[in-house]
Amino acid sequence: MTIKNLLFFTSILVTTLISSCKGEEKIDNCISNELGYIYIVDSPSTGIVNETITMKVFFSVNNGCGGFKKFITCENGNTRTIEVEAIYEGCICTDNVPTIEVEYRFIGRKPGDYLFKFKSSPTDFIAVPLTIN
């Protein structure tokens, strides 16, 4: 084998190793976000001004890689519209559809009637009234 052939095969080997390392980086990037739909909200009906109200929120994710990322809240007066953003981390996921339980916390700064609308489908919401005394 000549030196020219040896250099050629060495360059192919190095190129293959470098490209395979880049492929491994793609595996670490198997992360996506999407909205999750809430199907149960467990909340008290009353609360006290400046005290934390905790609501248990249950939603499903599409597979075993799914989890809770954050709440997206839109305020309009005393009405809050709440969506769940789920995060999916992993390239190979189980086919189960787990239920995730998280807590939504609210502090009423003034007395009054509040309405929380938790997104349960693309067009529907679960309405949860709350009176702050």
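A residue is called buried when its relative accessible area is under 20%, exposed when it is over 50%, and partly exposed in between, using a 1.4 Å probe and protein chains only. This is a predicted model, in which local features need pLDDT of at least 70 and side-chain atom pairs count only at pLDDT 80 or more, while totals for chains, interfaces and linings use all residues. Residues are numbered from 1 along each chain as its sequence is written, and side-chain values use heavy atoms, with hydrogens and water left out.

**Disulfides**

- Two disulfides are counted, a disulfide being a pair of cysteine sulfur atoms within 2.5 Å.
- Cys30 and Cys91 are joined in one of them, with 1.5 Å from S to S, and this link is right-handed, with 90° about the S-S bond.
- Cys30 sits in the loop between α1 (3–28) and β1, and Cys91 in the loop between β6 (79–89) and β7 (99–107), so this pair ties together parts that are 61 residues apart in sequence. Helices (H or I, at least four residues) and strands (E, at least two) are DSSP runs, numbered from the N terminus.
- Cys30 is partly exposed at 24% relative accessibility, and Cys91 is partly exposed at 39%.
- Cys65 is joined to Cys93, with an S to S distance of 1.9 Å. The torsion about their S-S bond is about -105°, so this disulfide is left-handed.
- Distant parts of the chain are linked by Cys65, in the loop between β4 (52–60) and β5 (66–76), and Cys93, in the loop between β6 and β7, which are 28 residues apart.
- Cys65 is buried at 12% relative accessible area, whereas Cys93 is partly exposed at 27%.
- Counting bonded cysteines along the chain, the disulfides follow the pattern 1-3, 2-4.

**Salt bridges**

- Side chains of opposite charge can pair when their charged atoms come close.
- Five salt bridges are counted, each being a side-chain nitrogen of Lys or Arg within 4 Å of a carboxyl oxygen of Asp or Glu.
- Lys69, Lys70 and Glu85 are linked in a network of salt bridges.
- Lys69 belongs to strand β5 and Glu85 to strand β6, 16 residues apart.
- Glu85 also meets Lys70 at 3.8 Å, N to O. Glu85 lies in strand β6 and Lys70 in strand β5, so the pair ties together parts that are 15 residues apart in sequence.
- Glu85 is buried at 12% relative accessibility, while Lys69 is partly exposed at 40% and Lys70 is partly exposed at 39%.
- Arg80 forms a salt bridge with Glu75, their closest N and O atoms being 3.8 Å apart. Arg80 is buried at 9% relative accessibility, whereas Glu75 is exposed at 57%.

**An open sheet**

- Three strands make an open sheet in the order β2-β4-β7, with antiparallel pairing. The edges are held by β2 and β7, each with a single partner strand, so one side of each is left without a neighbour in the sheet.
- β2 and β4 pair in the antiparallel sense over four bridges; two strands pair if DSSP finds at least two bridges between them.
- Val41 has Val57 in β4 as its bridge partner.

- Tyr37 lies in the loop between β1 (31–36) and β2 (38–42), and at 33% relative accessibility Tyr37 counts as partly exposed.
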